[in-house]
Amino acid sequence: MKIGIPRALLYYQYYPMWKHFFEELGAEVVVSPHTTRVILSSGISRVVADTCLPAKAYMGHVMSLVGKCDCVFIPAIRSLKAKVFNCSKFLGLPDMTRAVVPECPPILSIDVDMNKGEKELWREIDRLGRHFTRNHSKVRQAAMSAWQKHLEYCRLMVEEGLTPPQALERMFGLEAEPEGKGASKEKALPTADASGQAHIAVIGHPYILYDHHVSHRLINWLQQHNIRVHTPEMLAAEAIDSGIGRLVGQSYWTYEYEVVGAGGHYLEHDVDGVIGLVAFGCGPDSLMMDMVRRHSALPGAAAFMNLTLEEHTAEAGIVTRLEAFVDMVRRKKRRKETCA
Amino acid sequence: MEAYLGIDVGSVTTKVAALDVNDELIADFYLPTQGQPIVKVQQGLAEVRRHLPADVEIRGVGTTGSARYLAGTIVGADLIKNEITSHAVAALHYIPDVQTVLEIGGQDSKIIIIRDGVVTDFGMNTVCAAGTGSFLDHQALRLNMGIEDFSHKSLDSETPVRIAGRCTVFAESDMIHKQQVGHRIEDILYGLCQALVRNYLNNIASGKEIRPPIVFQGGVAFNQGIVKAFREELKTDIIIPPHHEVMGAIGAALLAHEEMADHSDSTKFRGFGISDIQYRTSSFECKACPNLCEIAQLATNGKVLARWGGRCDMWERTSAG
C-alpha cells in the first residue's frame, strides 16, 4: 500500500515518525513535492478566502497526491496535552479535506486527543494500525520505534542546531527541491561563528518557516546575508517552558511553544534580533505573536519584528523589511561592541 | 565641484537629491512616478543636472525606495539601501537628537524609533496600504480638488466629523455618508486626517514609545491637516524638516558618501547621459519548474542589463554573464 503525506502543516514536525510507523507496517510512503505556485493556487481555488494560507497550501498538496498513492494520511490532532487546545484547522483537517478535495484518495486518519488520556491514544493507534495488520503487538512496536525516530529527529535539531529541513536531509538524504533547471545550489553558508556575525531567531510555525514558497525563502535570505539563524526547534524543552512561563504563565494553544516559548527565550537569550512570521488571518498567532511583541518592549529585550505573509507574490515588501531589520540589528550590535 | 547623488523611487513619487562634499543639499527634484519608474529617474536626473554647476563631478550614487534595484541598475548605483535606513540617516543628519521619525509615503507608512543615534525599532504597515498618500490623493480626486486644496481646506474645520479609518474602503463609505447628510466638506476632510492619524498610531506605532524630538517626513508631511492632527493627538510639537519630501533621497546620498569614504573605489555611476538612453522592460513566465516565476528584464539596445523575480538565481546569472 502506498500512503501519501502532504508536505504541509504538521509534516515538518512529525514526518520521520509517520514515515517510520507506516514503513514498519510494510507500507510505502510518498510525500508531495515542495510547494510551488501551481500547488498553492490549486489549493486557493478550492477553499473559502478566509481560510489561512497554510491550510490553502495543504489542500494544494493533497490535490497533488491524487493518482500517486492509494490513500492519504491526514491526522486530526485535537490536543497534545490536557487542557491545551489546537487550532480548528487541525481538529477538522480530515473532514475539511474530504469536503474540498472530493477526488482525494481514501483518508487514513487518527484522532489524537490527550484530554481523553493515553489509553485512548493507544486505542487510536491500534485502529490506525488495523489497516495494515491484525497483530496488535506489531502495531505497538511500530509506534514505539516511530516515537524513537521522532526523538532522534528532535535531538538532531536541539543538539546540532539543525533546522527541520536540514535534519530531514540528514535522516533521509537530500530531497531535491524543484529548482529551475541548472540553477546552482544555494550559496555556501558560513557555518563558523565568525565574530561580529549577527544572530537572528526566526519564530513561528514550522509550516510557515520552512515552506520556501510561503516564507519567500526568508531563512535562506538571512543566511546568504551572513546571519546565523536560530529557530524554535533548536531549543531544548526547558528553554521553551521557561519562555512560555515568562510570557503567558501557562500555554493554551498546542503549538504555542514555537511562537511564545521560543519568543520568550530568544528575546532574552542567544540572539541580537527576533523575527516573528505569521500568516495573515491566523487566529491563535494574532494572540500569541502579540504576546511576544509586547514582551519585546521591555528593556534589554532583543529587537523584534513581526512579518505577515499572505498570497502576495512580490517579495519586495518582505525584502525591504528584512534589509531594514538586519541593518538595524547590525548597527545596534556594532554600537554595543564599541561601547563595551 | 564634487557631489553625491541620492535617488528615491517610490511607488507614487520619484525624488533625486544632490549633496556636496559637506553633505549640504545643492539640488533636488520631486516628480510623480506615474507608473514609469525608469523614465522618471531619467527625467529627475536631467532636472537635477540643470541645477548643478557645469564642472560637477559625481563621486557616488545611492538608490532607495521600492524601485531601488531597478533604479540602481539604470544609474549604476554604488549603494542600494532600504527606505528605513535611508530615512533614519537623513533625519539624524538634520536633527541629530531625533528620537522618533514618522514617515508617510505613497504606499508605505513607517515609524522609526531612534535612541542615541541608532535605530532601535521600526514599524511598517502590513499587507495593506491603508491610510497612505495614495489614499489621500484618491479622496482629493474624488472631491475634485487638488491635494494642496485638501491640505488648506482641512485646516478650516470647526467641528470635525468622526470617520472610520481602520480600512480605506470603510473610510470612503463613511465619508460619503457624512457628506450626504450635509456635513461641511472641511469637517469631513479634517475628520479623515484625524482618522488616518489615529489608525497610524494604533497600528504602525502600536507599542512603540514615541519620544520627542519627533520628525515627520515623506510626501504626506505636506498635508497641513495631517500635521495638525498628529500635533493634537501626540500633544507635542512635530518637526517638519525643510526638505521632508526628499529625505529618502538625501539619506541615500549620505549613505553613498559614507560608502565611498570607506572604500577608495571610483563610483559606478553611468553619468548623466543615461537620461537619453532608451530602456526597454519586458517580462516573461519562466517554465523551468512549477514555480512559474515572473521574470522582469531590463534591456537597452537589445542587450539585457538585468533580470529580477526568480526564486532561484537562474536568470540573475544569465544577466550577469
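How many salt bridges does the rule count over all chains? I started my notebook with that one, and the count comes to 32. A reminder to myself before going on: this is a predicted model.

**Entry 1: the interface of chains A and B**

I looked up the contact between the two chains next. Chain B brings 37 residues to it and chain A brings 35. Together the chains bury about 3,000 Å², and 48% of that area lies on carbon and sulfur atoms. I then asked for the polar side of the story. The rule finds five salt bridges across this interface, and 10 residue pairs are in polar contact there, both partners at pLDDT 80 or more.

Which parts of chain B supply at least two residues each to the side that touches chain A? I noted helix 2 (68-75), helix 3 (83-94), strand 8 (118-124), helix 9 (247-262) and helix 10 (314-320). Strand 8 of chain B gives the most, with six residues. Sorted by class, this side of chain B holds 16 nonpolar, nine polar and 12 charged residues.

**Entry 2: salt bridges between the chains**

I picked out some of the pairs by name. Glu323(A) and Arg68(B) join their side chains in a salt bridge, with 3.1 Å from N to O. The pair runs from helix 15 (residues 316-339) of chain A, where Glu323(A) sits, to helix 2 of chain B, which holds Arg68(B). I checked the accessibility too: both Glu323(A) and Arg68(B) are buried.

Arg331(A) and Glu258(B) also meet in a salt bridge, at 3.8 Å from N to O. Here Arg331(A) belongs to helix 15 of chain A, and Glu258(B) to helix 9 of chain B. Are these two residues buried or partly exposed? Arg331(A) is partly exposed, because its relative accessible area is 31%. Glu258(B) has 40% relative accessibility, so I put this residue down as partly exposed as well.

One more crossing pair went into the notebook: Arg37(A) forms a salt bridge with Glu294(B), and their closest N and O atoms are 3.9 Å apart.

**Entry 3: a pair inside chain B, and a network**

I then turned to Asp187(B) and Arg184(B), whose side chains make a salt bridge at 3.5 Å from N to O. Asp187(B) counts as buried because its relative accessible area is 4%, whereas Arg184(B), at 35%, is partly exposed. I also followed shared partners: salt bridges link Arg37(A), Glu285(B), Lys287(B) and Glu294(B) into one network.

**Entry 4: Arg115(B)**

My next stop was Arg115(B), which lies in strand 7 (residues 109-115) of chain B. Is this arginine buried or exposed? Arg115(B) is buried, because its relative accessible area is 16% and the cut-off for buried is under 20%. Leaving out residues up to four places away in sequence, I found that Arg115(B) touches Gln99(B), Thr120(B), Glu209(B) and Arg211(B).

**Entry 5: helix 8 of chain B**

I read helix 8 (residues 224-234) of chain B from its start to what follows its end. At the start, a side-chain oxygen of Asn223(B) comes to within 3.0 Å of the backbone nitrogen of Gly225(B). Which residues of this helix are buried? I listed Gly225(B), Ile226(B), Val227(B), Ala229(B), Phe230(B) and Leu234(B). The buried residues of the helix pack against strand 6 (100-104), helix 4 (133-142), helix 5 (147-154), helix 7 (185-202) and strand 9 (214-217) of chain B. After the helix comes Lys235(B), with a positive phi near 50°.

**Entry 6: a sheet in chain A**

I also traced an open sheet of four strands in chain A, which has the order 2-1-3-5 and parallel pairing. Its edge strands are strand 2 (28-31) and strand 5 (107-108), each pairing on one side only. Strand 3 (residues 71-73) runs parallel to strand 5 of chain A, and two bridges join them. What stands opposite Phe73(A) in strand 5 of chain A? I found Leu108(A) there.

**Entry 7: His177(B)**

I marked His177(B) as exposed, because its relative accessibility is 53%. Its C-alpha atom is 9.9 Å from that of Ile163(B), 14 residues away along the chain.

Technical notes. Residues numbered from 1 in each chain as written. Chains lettered and ligands numbered in written order. Predicted model: local features only at pLDDT ≥ 70, side-chain atom pairs only at ≥ 80, totals over all residues. Heavy atoms only, no water. Buried < 20%, exposed > 50% of the residue type's maximum accessible area, 1.4 Å probe, protein only. Contact = heavy atoms within 4.5 Å. Buried area = accessible area lost by both parts, 1.4 Å probe. Salt bridge = Lys/Arg side-chain N within 4 Å of Asp/Glu carboxyl O. Polar contact = N/O pair within 3.5 Å; in protein donor to acceptor, adjacent residues only side chain to side chain. Nonpolar A, V, L, I, M, F, W, Y, C, P; charged D, E, K, R; others polar. Pairing = 2+ DSSP bridges.
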